[in-house]
Amino acid sequence: MRTKPLTPLARIRRLVLRLVFGAVVVGALVVGGTAFRVWQVARVDDWTKADVAIVLGAAQYNGVPSDVLEARLRHTLKLYQQGVVSYVATTGGRQAGDKYTEGQAGKIWLVENGVPEDKVLEVGEGSDTLGSLRAVADVAKVHGLETAVIVSDPWHSLRARTMAEDAGLTAWTSPTRSGPNVQTRETQLFYIKRETGALLYYRLMKAPAGVFDGIAAHTLG
């Protein structure tokens, strides 16, 4: 039995449906692939020797690091003590009304725990990951530092490494495995989804991801 030929309008509808379906499939693959890479890189803990460890900032309270920031600082201290890095850069600006920047709070903690003051580069600039890493890259250039290991929470690793490399650093990651942001599966899933969206936005716009980095100012740097 011969089928009735499609009318021009029906052909257009079929084409539109195919295009929409194709776009949905491609979008799902891009999002899923990015989420997988966020998860994959989060599992990497690279202790290859580097010029500097970059501690991404998180909340501080009158010079005292929050639990999130302290977990990153403790991990960084181990890197320094094991001779993985020669310098440490502490990052992060201040919130309205704060006396200290996140970078200052980080430096105070490290010096109090045995890192020589002249080995800690306090970079108290930037209200988001991108701003902080660009500021660190400028300071690193002045000091002749080219390679960096980034210390943050696991799920933040891929986006932070991508931004650091775009800023001119040769970078890899050694995330902390302790702290409030890595303790439960629910928390991990939340940050994987958050970082997937933030990374896709950054790759598209080359800019901080607005609402994502608004959260990051007090959690993921």
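In this predicted model, helix H1 passes helix H6 in a right-handed crossing. Their axes come within 9 Å and cross at roughly 115 degrees. Angles of 65 to 115 degrees count as roughly perpendicular, and H1 and H6 are therefore roughly perpendicular to each other.

On the H1 side, this crossing involves Val30, Val31, Thr34, Ala35, Val38 and Trp39. They meet Ile192, Glu195, Thr196, Leu199, Leu200 and Arg203 of H6. Sorted by class, the H1 contact with H6 comprises eight nonpolar, two polar and two charged residues.

H1 also packs against helix H5, at an angle of about 90 degrees and with the axes 8 Å apart. That angle makes H1 roughly perpendicular to H5. Arg37, Val38 and Val41 of H1 form the contact with Ser157, Leu158 and Arg161 of H5. Its residues are three nonpolar, one polar and two charged. Val38 of H1 takes part in the contact with H5 and is also listed among the H1 residues that meet H6.

| Helix pair | Residue ranges | Axis angle | Axis distance |
|---|---|---|---|
| H1 and H5 | 8-42 and 157-166 | about 90 degrees | 8 Å apart |
| H1 and H6 | 8-42 and 185-205 | roughly 115 degrees | within 9 Å |

As for confidence, the protein chain has a mean pLDDT of 89, with 91% of its residues at 70 or more. Residues 214-221 have a pLDDT below 50. In the model, this stretch has 33 contacts beyond near neighbours in sequence.

Methods:
Residues numbered from 1 in each chain as written. Predicted model: local features only at pLDDT ≥ 70, side-chain atom pairs only at ≥ 80, totals over all residues. Heavy atoms only, no water. Axes fitted to C-alpha atoms, helices over the stretch in contact; angles between N-to-C directions. Helix = DSSP H or I, 4+ residues; strand = E, 2+ residues; numbered from the N terminus. Parallel < 35°, antiparallel > 145°, perpendicular 65-115°, else oblique. Contact = heavy atoms within 4.5 Å. Nonpolar A, V, L, I, M, F, W, Y, C, P; charged D, E, K, R; others polar. Left-handed = near helix turned anticlockwise from the far one by under 90°. pLDDT = per-residue confidence, 0-100.
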